Amino acid sequence: MTQTLQTSSSAPATPSLTCGELLVQWLESYGVETVFGIPGVHTVELYRGLPNTNIRHVTPRHEQGAGFMADGYYRASGKVGVCFIITGPGMTNIMTAMAQALADSIPMLVISSVNKVADTGSGEGHLHELHDQQGMVSKVALMSKTIWQPESLPKVIAEAFALFNGARPGPVHIQLPIDVITADASHVAKPSDYLNNFAKKSTDAHGLTLPQVMRPLPNPAQLDLIVESLNAAKNPVILYGGGCVDVDHDAQTLAELIDAPTFLTINAKGLLPPSHPLSLGSNQSLEAGRAVIAEADWVLAIGTELGETDYDVFFNGEFKINGMLIRIDCDAQQLQRPFRADIAVLSDAQMAVSGLCSRLENHALNHQAAVRVNEAKQLLIEDMTPDFAGQNALLQLIRDEVKDVIFVGDSTQPVYSGNLGFEALATRRWFNSSTGFGTLGYGLPAAIGAMIGSNSPVVSLIGDGGIQFTIAELICAAELELPLIVLLWNNQGYGEIRRYMEEGGLPLIGVNIKTPNFEPLAAGFGAGYRRITAKQQLLDALKEDIKGKQPIIYEVDEADEFLIEMGKTFTCFS
């Protein structure tokens with residue numbers, strides 16, 4: 001009896017606040033609204049504090065799906081997506097999604113467990129053990145850090161959000177040993193301590209959030225230098241990239257003040273209205289578009305890495321910048337790659353654009369840009385193929401029928417065509433995985449994330465091959481009762497790779513894969529199904545399904561005649 005009492009009295013006290021519980025408090029204080037994760041034995045203690053916050057938890061069916069959901073969530077909403085991921089296989093599973101986010105500058109916070117402090121890196125065969133999890137993940141992240149003791153939690157979380165808000169964003173990984181997650185953190189600084197202190201110093205204590213690090217302001221002397229260089233230009237061009245996605249109406253104003261042909265990268269679609277007289281859309285990889293850039297004597301590139309998936313999508317190496325290059329970017333290294341800038345400005349895009357507008361507002365320039373734009377547009381229209389027109393007509397029809405629709409794409413033919421010819425009505429309404437890392441399987445889970453983040457109607461564009469990578473996430477959409485439209489482009493296998501093989505005279509090995517029967521498959525996942533074969537059928541279906549409570553697959557065969565008929569009435573730049 002005495003021994004029992006001694007054992008009981010020596011048992012460790014239950015912490016009043018664990019490190020895992022404090023973690024979710026800090027996440028909420030930074031404005032986190034949604035966490036994507038699959039609970040595991042090494043992460044369950046991260047969930048203990050969630051009911052005490054307003055953070056929503058979404059359960060994907062694979063960790064790669066969690067990462068893609070967080071990616072789409074941010075691109076549609078501008079809010080950082082967070083993932084809770086288990087040690088070992090969970091982290092190896094999500095790394096593809098992190099690599100896509102890194103390539104496209106998408107902020108994503110991946111919080112994982114790791115083995116106990118004493119066991120980490122031991123090589124003793126513990127559950128989920130990796131030789132060096134942090135070292136592995138650091139290759140696809142801006143930062144990977146381990147919280148070895150609860151006291152480090154607030155400053156590591158602050159560092160992550162400083163990267164998201166104050167630099168070129170990307171994924172960040174934070175891992176906690178499983179015995180640190182459960183450690184006592186009652187003595188560690190809490191968000192309420194900071195907010196209360198901030199409130200005492202603030203004249204307006206309403207709607208307080210933690211103060212955020214901001215991207216650098218432009219050097220005024222450099223903006224003056226840009227304007228001075230512009231005075232000598234006769235043939236300027238503007239290239240807007242994904243870093244301008246949140247730039248306001250000043251982006252259009254600047255193009256008009258300079259009077260320059262303007263191009264938008266895939267992630268900048270919608271920055272200018274479709275029919276704007278200075279916009280050449282996203283056609284900088286086509287011969288007529290790149291000729292305009294090559295002939296320019298002054299090129300202003302803002303928030304774009306000038307990468308091949310935006311400027312050389314046919315990989316022929318013929319994209320050239322021959323004039324003076326002015327670059328504005330929040331990443332100092334990116335300012336000098338892959339093209340060296342003559343004037344390089346490290347700055348937030350919005351502030352730089354606003355600063356240039358204020359300097360030019362009283363002396364707008366006249367470069368006869370509309371003439372060059374119209375000539376290039378005519379050449380682009382003349383080179384348009386029936387397949388290209390049909391696919392873009394399909395996208396345009398959906399855009400005009402479904403108000404505020406967001407298109408989330410995989411690597412599939414309508415996406416490739418739309419990347420060139422589709423015109424978005426606003427930013428954050430067209431994005432896909434064909435840029436940067438170029439992964440397959442992105443389109444479905446990213447569309448789910450976009451729908452959760454935006455509360456807008458969403459159409460996922462994905463092929464019959466690509467959807468097989470992540471089709472399990474369809475049941476997640478059904479579970480959430482999301483009326484997600486999955487426009488499934490069926491070309492009986494890996495159609496784009498098959499074309500590459502055919503053109504190269506290669507044997508068609510591995511591309512003519514068996515395609516599932518998607519109707520019963522959709523039913524098994526709790527989703528609807530329609531085989532779309534006519535324009536009016538599509539219009540009628542959209543009116544009904546976009547208001548429903550289940551995801552639905554619209555299967556379209558790439559060879560259907562109705563697409564060619566629709567293409568005959570397609571109008572570019574509208």
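**Ground rules**

I number residues from 1 along each chain as its sequence is written, and side-chain values use heavy atoms, with hydrogens and water left out. Because the model is predicted, I take local features at pLDDT of at least 70 and side-chain atom pairs only at pLDDT 80 or more, while totals for chains, interfaces and linings use all residues.

**Confidence**

I began with pLDDT, the predictor's confidence in each residue from 0 to 100. The protein averages 92, and 95% of the residues score at least 70. I marked residues 1–9, where pLDDT stays under 50 and the model has 0 contacts beyond four places in sequence; contact here means heavy atoms within 4.5 Å. Residues 203–208 also stay under 50, with 4 such contacts.

**Helix H3 against helix H4**

For element names I use DSSP runs numbered from the N terminus: helices are H or I with at least four residues, strands are E with at least two. I looked up H3 (residues 63–77) and H4 (residues 89–103), which pack at about 30° with axes 7 Å apart. That makes H3 roughly parallel to H4 (under 35 degrees counts as roughly parallel, over 145 as roughly antiparallel, 65 to 115 as roughly perpendicular and the rest as oblique). The axes are lines fitted to C-alpha atoms, for helices over the stretch in contact, and angles run from 0 to 180 degrees between N-to-C directions.

On the H3 side I found Glu 63, Gln 64, Gly 67, Phe 68, Asp 71 and Arg 75; their partners in H4 include Asn 93, Ile 94 and Gln 100. By class, the contact has 4 nonpolar, 6 polar and 3 charged residues. The classes: Ala, Val, Leu, Ile, Met, Phe, Trp, Tyr, Cys and Pro are nonpolar, Asp, Glu, Lys and Arg are charged, and the others, Gly among them, are polar.

**Helix H2 against helix H6**

Next I checked H2 (residues 19–29) and H6 (residues 153–166), whose axes come within 10 Å and cross at roughly 35°. Cys 19, Leu 22, Leu 23, Trp 26 and Leu 27 in H2 meet Leu 153, Pro 154 and Ile 157 in H6. I count 8 nonpolar residues in this contact, no polar and no charged.

**Helix H16**

I then turned to H16 (residues 413–421), where 8 of the 9 residues are buried, so the helix is largely enclosed by the rest of the structure. Buried means under 20% relative accessible area, exposed over 50% and partly exposed in between (1.4 Å probe, protein chains only). Its cover includes H15, E12, strand E13 (430–432), strand E14 (458–463), E15 and H20.

**Cys 244**

Cys 244 sits in the loop between strand E7 (236–240) and helix H10 (250–258), and at 0% relative accessibility it is buried. Beyond its neighbours within four places in sequence, I see Cys 244 in contact with Leu 271, Ile 302, Gly 303 and Ala 349.

Most residues other than glycine have a negative phi, and most peptide bonds are trans. I noted a cis bond from Arg 337 to Pro 338, omega near -10°, with Pro 338 in the loop between strand E10 (324–329) and strand E11 (343–346).

Asp 404 has a positive phi near 60° in the loop between helix H15 (386–401) and strand E12 (406–409); Asp 404 is partly exposed at 33%. Gln 492 has a positive phi near 55°, lies between strand E15 (485–490) and helix H20 (495–503), and is partly exposed at 44%.
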